[in-house]
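This briefing covers secondary structure, strand pairing and nonpolar cores. Please read it alongside the sequence and the model.

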Amino acid sequence: MKNTLAFDFTVNKESKSITVKKEFAADQNAVWNAWTKAELLDQWWAPLPYKNETISMQFEKGGMWFYAMVSPEGQKHYCKAYYTAVDAQNSFSYRDTFCNEKGEDSTEMPGTNWSNSFNEDNGVTTVTAHLTYASIEALEMIIKMGFKEGFTMGLDQLEQLLSKS
Amino acid sequence: MKLRRDPFQAIADPTRRAILVLLASQTMTAGAIANEFNAARPTISKHIQILNECELIESTQQGREIYYELKAEKMKDIDNWLEQFRNIWESRFNQLDNLLSNLKNKEQ
């Protein structure tokens, strides 16, 4: 087994998207479960110091995961994931949106489209998460809330600027 | 709309991003910048004004002309922003690594 598990974070040129690749020291089934079962997602999905709380989940095409990320002060940010495609053990896609405590989608916060795929090689499972965003404004709002992540078209140009400075 | 003047607002617009790219290699007058775009000159002037207020560019008077140039240090704010994304993912994945390792230990 490899000692260091790869973690790549790349900006996709001209596609308003980012790709996150991460290797995990576990078999495909275990990693798949960690991404698709509420009791496991609740143990890692919210970045520290937030905690994740699942309100309801139906993991199937057309189903939905309704959850909250809870700040140390107890403030809850509600989110929903609408599953749009599921290929058991291999890949799933969903649209992620912010919503209120009743589950009504935020009209101000545009969603993120996720496409996650799983691939095991010799006991190490690689997850590739492809995130597509509507706009840079969407990204800014999301990151300022402290949770979500991403990048968008045009920033590859800014990266070139940064490398010149 | 609430007025906001920070680097993120500056880069929210594709025309403004294009202006920043132009200014990355040279200082230019507003007229020279406008010549690079199909948009009406007042539209480009507005974009230049916003970039100026966001302090991503600065202007210097040379004779009758005002030249604009890029302020590279402000761009670093955007770089920090990218770093923040990475930290969020790292935090998340550290927890998942631990979870998977705990699950494995339980099985054994």
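Two strands count as paired if DSSP finds at least two bridges between them. Helices (H or I, at least four residues) and strands (E, at least two) are DSSP runs, numbered from the N terminus. This is a predicted model, in which local features need pLDDT of at least 70 and side-chain atom pairs count only at pLDDT 80 or more, while totals for chains, interfaces and linings use all residues. Residues are numbered from 1 along each chain as its sequence is written, and chains are lettered from A and ligands numbered from 1 in the order in which they are written.

**Chain A: composition**
- Chain A has four helices and eight strands, in the order β-β-α-α-β-β-β-β-β-β-α-α from the N terminus.
- Of its 165 residues, 30% are buried, that is, they have 20 or more other C-beta atoms within 10 Å of their own, with C-beta atoms placed from the backbone.
- Among contacts in chain A (C-beta atoms within 7 Å) with a separation of 6 or more, 36% link residues 24 or more positions apart.

**Chain A: strand pairing**
- Strand β7 (residues 112-121) runs antiparallel to β8(A), and 10 bridges join them.
- A:Asp121 has A:Val124 as its bridge partner in β8(A).
- Two residues lie between the strands of this hairpin, where A:Asn122 takes a positive phi near 55°.

**Chain B: sheet**
- Three strands form an open sheet in the order β1-β3-β2 (chain B), with antiparallel pairing.
- β1 (28-29) and β2 (57-62) of chain B are at the edges with a single partner strand each, so one side of each has no neighbour in the sheet.
- Six bridges connect β2(B) with β3 (residues 65-70) of chain B, and B:Gln62 stands opposite B:Glu65.
- Helix α2 (residues 14-25) of chain B packs on the sheet and touches β1, β2 and β3 of chain B; its direction makes about 95° with that of β3(B), where axes are lines fitted to C-alpha atoms, for helices over the stretch in contact, and angles run from 0 to 180 degrees between N-to-C directions.

**Nonpolar cores**
- A nonpolar core is a set of buried Ala, Val, Leu, Ile, Met, Phe, Trp, Tyr and Cys residues joined through C-beta atoms within 7 Å.
- The largest has 25 residues; among those touching the most other members are A:Phe24, A:Trp44 and B:Leu96.
- Elements that each supply at least two residues of this core include α1 (28-36) of chain A and α5 (72-107) of chain B.
- Beyond its neighbours within four places in sequence, A:Trp44 contacts A:Ala34, B:Arg92, B:Gln95, B:Leu96 and B:Leu99.
- A second, separate core of 17 residues includes B:Ile19 and B:Tyr68.

Technical notes. Buried ≥ 20, exposed ≤ 12 C-beta atoms within 10 Å, placed from the backbone. Contact = placed C-beta atoms within 7 Å.
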